[in-house]
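Trainee: I have a model open and would like to go through it with you. Can we take it piece by piece?

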Amino acid sequence: MAKTNKTTTEFVCSECGATSPRWLGRCPSCGKFNTMVEEIVKPAEPQKAARPSVYGGRAKKLSEISYEHYDRTSSGISEFDNVLGGGIVKGSLVLIGGDPGIGKSTLLTQIAAYLSQNKKVLYFSAEESCSQVKLRAQRLQLKSEELLIINETCIDGLEAELDGVEYCIIDSVQAVYTDDLSSSAGSVGQVRECATKLMRIAKSRGITFFIVGHVTKEGALAGPKVLEHIMDTVLYFEGENQENFRILRAVKNRFGNVQEVGVFEMTGEGIKPVTDYSGVFLSESRGEEAGSVVTPAQTGARCMNVEIQTLICKTSFGQPRRMPLGVDYNKLVLLLAVLEKRCGLALSSSDVYVNAMGGIRLNEPSCDLAVCAALASAYFAKPVDKYVAVFGEVGLTGEVRAVSYCEKRVAECVKMGFKKVLVPAKNMKSVAKYADKIAIVPILYVNTMIKNLFKD
Ligand SMILES: Nc1ncnc2c1ncn2[C@@H]1O[C@H](COP(=O)(O)OP(=O)(O)OP(=O)(O)O)[C@@H](O)[C@H]1O
Ligand SMILES: [Mg+2]
């Protein structure tokens, strides 16, 4: 498929940079397997006249640089705008990764249809035929008469189609190819080359691209890491297929906070944003069984109450199992050690399972105390009242450290009708004003929390 011009390709080892004219399973230079990636070799440009100063006069003082105003447009879905940091930035590249069938195409069809009402939008469908996309738009009852669609896999002709187009959706980057490389679509070299081409178009013509990316079995975006480097924003669309809730998480955002998450519900009429989280991250039966505790978690700009559930059972093998979902593994191991050593809970010969409800990932330290509380509840087989919330960072000495956004967290508990909240003692001052609305218990050590919740 190589073109007739002088452009040829070679295989370059992504580890050591060694080159070879043919593909090799093992790099002859560094000995690593599967690292040879096809790359385009451009003919060497004729030597230019000597350049005394390459950047002469182009460097500017920071004070001379004017602020660039980012134009933001709404996507029509408020949760999606939030995750992007307040709307779609003109000329940006947004990558949306997710498991098969999670709803990437559905979400982007909805956004494309909304944007096409005022702007020219092109849907470059490499995976589905035009009629499939039309069928979906019809099923979702979208106003999409003006939406342009192409069913194509080669992106070399894309640039010619982009006259007047402001938004372009590529579904998906693993299904498109460029004729410059002979490797098949989806290969590391193709994905990288296609993404680079799209970036060049986006930056030179100010067109915004939404690019669908597939994820590997391990859950990472398929293709080279450079794909994520090129993008301005990388979003992951996650959720259990059998449950209707989906979470959109930013893992990289040049124009906003990466802590932001968007919560959606997959319905017959498409993907709908969820604004009332109480049903998503809290179970109906919380407070009835031991091992569950609620914590107000700060994700990006908002605070939401999330239930942490734990299960402790006797180890049937020599090595006890620790299985956290939504909580960091190393953090769980550390908290178990604190509970064992500082609070005397014998957990070293038990399997421990922890789950943050609704598939959310809690990676801030403020959920430490709630994990400890849930574990202690499971250990003592004593349920924690459903209207009690807990938060605080736990140190290795068993002390409870202050956390950020304390006021916001307590305010969220008040809003949700909670009756008692256990807060780090060092945060007490900032939340004293809520004392007439909710019982606030200052906690200095993990032991104090255990005493307060289980030994009264
Ligand atoms: N007729 C239908 N009625 C209701 N829901 C449907 C219907 N058809 C598909 N769906 C929902 O849409 C989901 C598929 O959405 P979509 O095609 O957007 O996923 P995707 O992430 O683009 O998948 P892929 O990776 O295969 O491209 C299905 O999992 C299903 O829940
Ligand atoms: Mg799809």
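Trainee: In which sense do β9 and strand β10 pair, and over how many bridges?

Mentor: β9 and strand β10 (residues 208-214) pair in the parallel sense, over 4 bridges. Strands here are DSSP runs of E of at least two residues, helices are runs of H or I of at least four residues, and both are numbered from the N terminus. Two strands pair if DSSP finds at least two bridges between them. Before going on: this is a predicted model, where local features need pLDDT of at least 70, side-chain atom pairs count only at pLDDT 80 or more, and totals for chains, interfaces and linings use all residues. Residues are numbered from 1 along each chain as its sequence is written, with chains lettered from A and ligands numbered from 1 in the order in which they are written.

Trainee: Which residue stands opposite Cys-168?

Mentor: Phe-209 in β10 stands opposite Cys-168.

Trainee: What sheet do those strands belong to, and what is the strand order?

Mentor: An open sheet of 9 strands, ordered β8-β7-β9-β10-β6-β11-β12-β13-β14, with mixed pairing. β8 (148-151) and β14 (270-273) are the edges; each has a single partner strand, so one side of each has no neighbour in the sheet. On average, neighbouring strands of this sheet are turned by 25 degrees against each other, direction ignored. The axes are lines fitted to C-alpha atoms, for helices over the stretch in contact, and angles run from 0 to 180 degrees between N-to-C directions.

Trainee: What about the sheet with β1 in it, which order does that have?

Mentor: That one is an open sheet of 3 strands in the order β2-β1-β3, paired antiparallel. β2 (19-20) and β3 (36-41) are its edge strands, each pairing on one side only. Strand β1 (residues 8-13) pairs with β2 over 2 bridges, and Phe-11 stands opposite Ser-20 in β2.

Trainee: Back to β9. Where is the cis peptide bond?

Mentor: From Asp-171 to Ser-172, with omega near 0 degrees. Ser-172 is in the loop between β9 (167-171) and α5 (188-205).

Trainee: Next, the ligand. Which residues surround ligand 1?

Mentor: Among them are Gly-98, Pro-100, Lys-104, Glu-127, Arg-139 and Met-266. A residue counts as near if its C-beta atom, placed from the backbone, lies within 6 Å of the molecule or strand. Helix α2 (residues 104-115) gives the largest share of the shell, 3 residues.

Trainee: How many are nonpolar, polar and charged?

Mentor: The shell has 3 nonpolar, 6 polar and 3 charged residues. Ala, Val, Leu, Ile, Met, Phe, Trp, Tyr, Cys and Pro count as nonpolar, Asp, Glu, Lys and Arg as charged, and the others, Gly among them, as polar.

Trainee: Is α9 mostly covered or uncovered?

Mentor: Mostly covered, with 12 of its 13 residues buried. Buried means 20 or more other C-beta atoms within 10 Å of the residue's own, exposed means 12 or fewer, and partly exposed is in between, with C-beta atoms placed from the backbone.
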